[in-house]
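Me: Hi, could you walk me through this one? I've got it open here.

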Amino acid sequence: MNELFVKDFLALFEEEAPLALQEQYDNAGLLVGSPEQAVKSVMLCLDLSEAIVEQAAAKGCGLIIAHHPVIFKGLKSLGTRTEVERIVVSAIRKGISIMAMHTNLDNVFHGVNHIFAEKLGLENLHILRPVEGDLCKLVTFCPLSHAPAVREAMFEAKAGHIGNYDSCSFNSEGFGTFRALEGADPFVGQVGTIHSEPEIRIETIVPLHQLTAVVAAMTNAHPYQEVAYDVYPLKNANQGIGAGMVGTLKEPMSELEFLKHLGEVLGIPALRHNTLRGRMISKVAICGGSGAFLLPDARKAGADAFVTADIKYHDFFDAGLLLVDAGHYETEQFTPQLMARMIKKKFPTFAVLFSEHEYRAVHYFVKPQ
Ligand SMILES: [Zn+2]
């Protein structure tokens with residue numbers, strides 16, 4: 001595949017990690033460039049730097065997709081004063097578009113934490129803090145003949161997904177009544193006469209960010225001129241979306257064995273952790289990047305260890321489990337691989353490149369022995 005457009009990548013990520021799932025403070029999406037720009041290859045990185053823009057230009061990449069949004073706060077000028085300004089100006093001059101896939105990629109099940117968990121060898125994975133208020137129940141009433149097609153259309157648009165199951169719905173038979181008024185062109189019944197039609201009540205669950213698409217698919221497949229449907233907000237948490245992840249190691253490890261394993265997987269020369277208490281580590285909670293806010297959730301999930309980054313000094317006291325700060329870069333370093341997988345799945349022959357020198361904001365000085 002020689003050429004795609006920036007909008008193809010926006011559509012791909014909208015399927016894998018919809019922008020509606022990003023946190024309120026975030027700025028994920030297309031930051032520089034146009035959806036209509038043609039792209040021959042894409043470069044992936046965690047953080048963007050001037051050097052990476054240069055690399056992308058040298059390799060002919062028309063698009064860079066980074067995890068962290070290079071434009072996070074408002075820019076008041078586009079000059080050479082700050083690195084962010086220089087990156088943006090340089091990308092515009094070189095005709096390179098920039099996208100960021102940030103907390104939307106953190107919050108999906110097969111996202112930043114899933115690949116981190118996979119590298120650590122964790123199994124039985126669950127979202128650590130599933131998001132609440134994201135689900136609704138959608139109910140529609142459909143003549144018997146069209147119920148399979150309407151159900152299928154709703155499932156295709158991602159309704160009816162619960163944990164490891166899809167195509168979930170409940171169906172009950174009854175009858176609907178209606179009278180078509182002057183000007184109507186009813187699918188069944190006569191204008192001016194009250195009609196009674198055997199119908200199926202189809203109820204299914206829909207994440208709010210998918211609701212518009214599901215309602216559109218449902219009304220498209222439905223034979224009635226006016227489709228009756230109800231949307232009920234639900235209090236259920238959406239187990240497939242949220243922050244952090246928890247899983248179990250194949251074999252329990254001692255605390256030291258676990259720290260060694262973590263250090264090796266992440267290639268980090270030092271780990272900050274609280275006092276070792278001789279626990280065996282089996283259940284592990286993780287959150288790539290700044291996840292200290294999930295400490296209560298890790299405890300509630302019964303985790304023996306919680307691995308994240310940017311942990312404050314006082315969080316290490318009384319954590320109630322093995323608390324490890326494994327670095328922001330290090331715990332998110334697999335994200336470009338994750339994005340590459342998503343792109344390769346949809347566009348297997350498209351050229352995907354990784355930035356040669358990952359930008360490291362934090363370095364470790366290790367005192368020679
Ligand atoms: Zn991060």
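Reply: Strands (E, at least two residues) and helices (H or I, at least four) are DSSP runs, numbered from the N terminus. Residues are numbered from 1 along each chain as its sequence is written. The model is predicted, so local features need pLDDT of at least 70 and side-chain atom pairs count only at pLDDT 80 or more, while totals for chains, interfaces and linings use all residues.

Me: Thanks! How many helices and strands are there in the protein?
Reply: The protein has 11 helices and 17 strands. Its C-alpha atoms fill a box of roughly 90 × 55 × 40 Å along the principal axes.

Me: And how much of it is buried?
Reply: Of the 369 residues, 39% are buried. A residue is called buried if 20 or more other C-beta atoms lie within 10 Å of its own, exposed if 12 or fewer, and partly exposed in between, with C-beta atoms placed from the backbone.

Me: OK, sheets. What's the order of the strands in the open sheet with β2?
Reply: The order is β2-β6-β5-β4-β17, and this 5-strand sheet has mixed pairing. β2 (29-32) and β17 (351-354) are at the edges with a single partner strand each, so one side of each has no neighbour in the sheet. On average, neighbouring strands here are turned by 30° against each other, ignoring direction.

Me: How do β2 and β6 pair?
Reply: They pair in the antiparallel sense over 3 bridges, with β6 covering residues 97-100. V32 stands opposite I98 in β6.

Me: Which strands does helix α2 touch when it packs on that sheet?
Reply: α2 (residues 50-58) touches β4 (41-45) and β5 (63-66), and its direction makes about 160° with that of β4. Helix α11 (residues 335-346) also packs on the sheet, touching β4, β5 and β17, at about 150° to β4. Touching here means contact: two residues are in contact if their C-beta atoms, placed from the backbone, lie within 7 Å. Axes are lines fitted to C-alpha atoms, for helices over the stretch in contact, and angles run from 0 to 180 degrees between N-to-C directions.

Me: How do α2 and α3 cross?
Reply: Their axes come within 9 Å and cross at roughly 10°, with α3 spanning residues 83-94. α2 and α3 are therefore roughly parallel to each other. Angles under 35 degrees count as roughly parallel, over 145 as roughly antiparallel, 65 to 115 as roughly perpendicular and the rest as oblique. The contact is made by E50, V53 and A57 of α2 with E83, R86, I87, S90, A91 and K94 of α3.

Me: New topic: at what angle do α6 and α7 pack?
Reply: α6 (residues 147-156) and α7 (residues 211-221) pack at about 155°, with their axes 8 Å apart. That makes α6 and α7 roughly antiparallel to each other. The contact involves A149, V150, A153, M154 and E156 of α6, and V214, A217, M218, N220 and A221 of α7. Those residues divide into 8 nonpolar, 1 polar and 1 charged. Ala, Val, Leu, Ile, Met, Phe, Trp, Tyr, Cys and Pro count as nonpolar, Asp, Glu, Lys and Arg as charged, and the others, Gly among them, as polar.

Me: What about the sheet with β9, how is it paired?
Reply: It is an open sheet of 4 strands in the order β9-β10-β8-β11, with antiparallel pairing. Its edge strands, β9 (170-179) and β11 (229-233), each pair on one side only. β9 and β10 (residues 194-207) pair over 10 bridges. F170 has E203 in β10 as its bridge partner. α6 packs on this sheet too, touching β8 (135-143), β9 and β10.

How values were computed. Pairing = 2+ DSSP bridges.
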